[in-house]
Amino acid sequence: STPPAPGVPHTVAGTASAPAPDTATVILTWACATPTGAGSGFVVQRATDARFTRELATFTVTGRGFTNSGLTRGVTYFYRVRSYNVVGSSAFTGPVPVSTPL
């Protein structure tokens, strides 16, 4: 049977920390029914602007959370998340700004 189309993740939240003198880490969490079956998961995008045109990085994850380490301290990063499965992809969430500590 065909699974339902993936829903847009919601309640995206980010927490920043500085576990080392020269780098920072951002931990993202979100709520969403986890896509099921082979070929399903989440796409997380990070950029240094809210339009996702500068320094864009894309990550594929399987759970409802993501840890982004090795970041520059004192920078605001923008994140957005979408879910996908064999049926297709959801829309991205709105940009979520997370500022790393100085």
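The questions and answers below concern a predicted model.

Colleague: In which sense do strand E1 and strand E2 pair, parallel or antiparallel?

Modeller: In general, strands of a sheet pair through backbone hydrogen bonds, in either a parallel or an antiparallel sense. Here E1 covers residues 10-17 and E2 covers residues 24-31, with six bridges between them. A hairpin of six residues joins E1 to E2. His10 stands opposite Ala31 in E2, Thr15 stands opposite Ile27 in E2, and the sense of the pairing is antiparallel.

Colleague: Which strands stand at the edges of the open sheet?

Modeller: The open sheet has three strands, paired in the antiparallel sense, in the order E1-E2-E5. The twist from one strand to the next averages 15°. An edge strand here has a single partner strand, so one of its sides is left without a neighbour in the sheet; the strands in this position are E1 and E5 (65-71).

Colleague: Which element gives the most residues to the largest nonpolar core?

Modeller: This core has 16 residues, and those with the most contacts inside it are Leu28, Trp30, Val44, Phe66 and Tyr79. Two or more residues come from each of E2, E3 (41-47), E5, E6 (76-85) and E8 (96-99). With four residues, the element that gives the most is E2.

Colleague: Which residues of the phenylalanine type does Val44 contact, leaving aside neighbours within four places in sequence?

Modeller: Val44 is among the residues with the most contacts inside the core. Its partners beyond four places in sequence include Leu28, Trp30, Tyr79 and Val81. Among these partners are also Phe59 and Phe66.

Colleague: Is Thr93 buried or exposed?

Modeller: Thr93 is found in the loop between strand E7 (88-89) and E8. Leaving aside neighbours within four places in sequence, Thr93 is in contact with Val8, Pro9, Val12, Arg80 and Val81. Buried means a relative accessible area under 20%. Because the value for Thr93 is 11%, this residue is buried.

Colleague: What distance separates the C-alpha atoms of Pro6 and Val86?

Modeller: Pro6 lies in the segment before E1 and counts as buried, at 16% relative accessibility. Not counting residues up to four places away in sequence, Pro6 touches Ser83, Tyr84, Asn85, Gly88, Ser89 and Ser90. Pro6 and Val86 are 80 residues apart along the chain, and the separation of their C-alpha atoms is 9.1 Å.

Definitions and conventions. Residues are numbered from 1 along each chain as its sequence is written. This is a predicted model: local features need pLDDT of at least 70, side-chain atom pairs count only at pLDDT 80 or more; totals for chains, interfaces and linings use all residues. Side-chain values use heavy atoms; hydrogens and water are left out. Two strands pair if DSSP finds at least two bridges between them. Axes are lines fitted to C-alpha atoms, for helices over the stretch in contact, and angles run from 0 to 180 degrees between N-to-C directions. A nonpolar core is a set of buried Ala, Val, Leu, Ile, Met, Phe, Trp, Tyr and Cys residues joined through side-chain atoms within 4.5 Å. Buried means under 20% relative accessible area, exposed over 50%, partly exposed in between (1.4 Å probe, protein chains only). Contact means heavy atoms within 4.5 Å.
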